[in-house]
Amino acid sequence: MEKKTKVSLSGIQPSGKITLGNYLGSIKNWVDIQDSDAFDNRYCIADLHSITVWQDPESLRDQTYQLFAQLLAAGLDPEKCILFVQSHNPSHPKLSWILSCFTMFGELSRMTQFKDKSQRHSDNVNAGLFTYPVLMAADILIYDADIVPVGEDQRQHVELARDIAIRFNNRFPGSFVVPEAYIPKEGAKIMSLQDPSRKMSKSDSNDNAYILVMDSPDDILRKFKRAVTDSDSRVIVSEDKPGVTNLIHIYSAVTGKSLAEVEAEFEGKGYGVFKPAVAEAVIELLRPLREKSLELLRDKAYLDDVMAIGAEKARAITEAKVREIYEKVGFVLSKAK
Ligand code: AQP
């Protein structure tokens, strides 16, 4: 792999089956960035992050394989990027501990995702949920990432990673690249189909609220037909029509048409025509991805091999970085193998 000057890094949790929101908000962007050939690309399955909420161990393992297959099926190419499972590289939690000593309690208390998830999982407000953004900062800073392609919901966490990098650099100059969030113009925040005031989330308890990448065409059509809209039938972007506005954004992100073009296409046609058209566009977008994922999942040994290659490449970069940081903060470097 030839060294480029800039690095792109991102991750996704195997905390459920991935949604259209995850795909449009981040994975599609990762593939586009990889194919642009302008960056060194590192993408991980953030399994360490996922246990900040309860996970069934067998489901977690299964979801990790599924997600890995889906990332390959979506177009991530292990020849062009380092694709790995976060827990396969112990350098991430090592750096996370050091960075947690450079992160303020008040900063973590202000994180919207922590407030939201601690309400939704009030029986399990654990320390990991609170320090989640520090581990994410470690994921990013350990690769000296320049850009972090994420959906809008992760912007605040990337901002915190920047603040941590700047603080660390002030004490130990030149330690980390200060990263920037890289957020797509369309698809940055896909909302729930049942409650358009909330983002589409893979852990939503209502499965009509999200479209899964692995949903069958029938399920996709049914879910879009049931999507919450309003009694007015005009297909326009408007603050008081959040359901329809969300569907217009989805159609725009999938087809590449502008919002105005979508409005013009469905002028005077009503939801009876619009909803199935959105469904059809999404079905065709996801069909090859679903079929390729199913094919890849039949060969777990292959997936294990690709995971191992990714882990080795990732470790080779980050072990050197951890030693550099250990030395800076004053640890004695061990000679033990
Ligand atoms: N609705 C969304 N629209 C656009 N982008 C989204 N992302 C998530 N939801 C949407 C982006 O997907 C990437 C991976 O997300 P994650 O798995 O790290 O966790 P998340 O942001 O918490 O996603 P979910 O689906 O809501 O997971 P759960 O339900 O487990 O919390 C990120 O880049 C994110 O921005």
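Predicted model: local features only at pLDDT ≥ 70, side-chain atom pairs only at ≥ 80, totals over all residues.
Colleague: Why is α4 called roughly parallel to α13?

Modeller: The axes of α4 (residues 91-100) and α13 (residues 300-329) cross at roughly 20 degrees and come within 10 Å. Angles under 35 degrees count as roughly parallel, and therefore α4 is described as roughly parallel to α13. The crossing in which α4 passes α13 is left-handed.

Colleague: Which residues make that contact between α4 and α13?

Modeller: From α4 come Ser91, Lys94, Leu95 and Ile98, while α13 supplies Thr318, Glu319, Val322, Ile325, Tyr326 and Val329. Sorted by type, the residues of this contact of α4 with α13 are 6 nonpolar, 2 polar and 2 charged.

Colleague: What makes α1 roughly perpendicular to α12?

Modeller: The helices α1 and α12 (residues 271-297) pack at an angle of about 80 degrees, and their axes are 12 Å apart. Angles of 65 to 115 degrees count as roughly perpendicular, so α1 is placed in that class relative to α12.

Colleague: What kinds of residue make up the contact of α1 with α12, nonpolar, polar or charged?

Modeller: On α1 the contact is made by Leu20, Tyr23 and Leu24, and on α12 by Val282, Leu285, Leu286 and Leu289. The division for α1 with α12 is 7 nonpolar, no polar and no charged; Tyr counts as nonpolar in this scheme.

Colleague: How do you know which parts of the chain belong to domain 1 and which to domain 2?

Modeller: The domain assignment of the chain gives 6-188 together with 300-329 as domain 1, and 207-295 as domain 2. The centres of domain 1 and domain 2, taken over C-alpha atoms, are separated by 29 Å.

Colleague: How many residues of domain 1 and domain 2 are in contact, and what area is buried between them?

Modeller: On the side of domain 1 there are 13 residues in contact with 18 residues of domain 2, where contact means heavy atoms within 4.5 Å. About 1300 Å² is buried between domain 1 and domain 2, and carbon and sulfur atoms give 75% of that area.

Colleague: What is noted about phi of Asp37, and where does Asp37 lie?

Modeller: Phi of Asp37 is near 65 degrees, which is a positive value in a residue other than glycine. Asp37 sits in the loop between α1 (20-36) and β2 (39-45). Asp144, also not a glycine, has a positive phi of about 50 degrees, and Asp144 is found in the loop between α7 (127-141) and β4 (147-149).

Notes: Residues numbered from 1 in each chain as written. Heavy atoms only, no water. Axes fitted to C-alpha atoms, helices over the stretch in contact; angles between N-to-C directions. Helix = DSSP H or I, 4+ residues; strand = E, 2+ residues; numbered from the N terminus. Parallel < 35°, antiparallel > 145°, perpendicular 65-115°, else oblique. Left-handed = near helix turned anticlockwise from the far one by under 90°. Domains from an automatic or database assignment. Buried area = accessible area lost by both parts, 1.4 Å probe.
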